[in-house]
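Here is a short tour to read alongside the structure. Please keep both the sequence and the 3D view open as you go.

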Amino acid sequence: MTKNTAIDLDNLDVDELRAITENAQQLIAQKQHQRLYDAYMQFEKIAEESNSTISEILEAGEQLAKKRNIKYRNTENSEETWTGRGRKPTWLVDALAAGHDLEDFAI
């Protein structure tokens, strides 16, 4: 069977259809594995070219993502932050209730 050949599924019995399904699922799994392997190899090459390890790059990416997403920081405790999404944290709710403006905490 070539890539351009259409299969007339209506003329196949149940066992033949199951075999096609099984083969297709195996092929999908193989292609997904190959895609991930290829991506990993590219990632490894980038790490080598930048004189880093994959772990170092992933860790740096996580730190950068966290810093980029933070929009507000507690002026009294720099560990407490908020991205501006979801419920406001207690420290911010309390500060706003005390008369502070949201912009007082903007980064």
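## A nonpolar surface patch

Ile 7, Leu 9 and Ile 20 together make a nonpolar surface patch of about 220 Å². Patch members have over 30% relative accessible area and no salt bridge, with like charges joined within 9 Å and nonpolar side chains (Val, Leu, Ile, Met, Phe, Trp, Tyr) within 5 Å. A salt bridge puts a side-chain nitrogen of Lys or Arg within 4 Å of a carboxyl oxygen of Asp or Glu. Areas follow the Shrake-Rupley method with a 1.4 Å probe, and for residues only the protein chains shown count as cover.

Ile 7 sits in the segment before helix 1 (14–49); helices (H or I, at least four residues) are DSSP runs numbered from the N terminus. With 36% relative accessibility, Ile 7 is partly exposed (buried is under 20%, exposed over 50%, partly exposed in between).

## The loop between the helices

Both Asn 51 and Thr 53 lie in the loop between helix 1 and helix 2. Asn 51 is exposed at 72% relative accessibility and, though not a glycine, has a positive phi of about 55 degrees. Most residues other than glycine have a negative phi.

Thr 53 is partly exposed, at 40%.

## About the model

This is a predicted model, where local features need pLDDT of at least 70 and side-chain atom pairs pLDDT 80 or more, while totals for chains, interfaces and linings use all residues. Numbering runs from 1 along each chain as its sequence is written, and side-chain values use heavy atoms, leaving out hydrogens and water.

Terms used: Helix = DSSP H or I, 4+ residues; strand = E, 2+ residues; numbered from the N terminus. Buried < 20%, exposed > 50% of the residue type's maximum accessible area, 1.4 Å probe, protein only.
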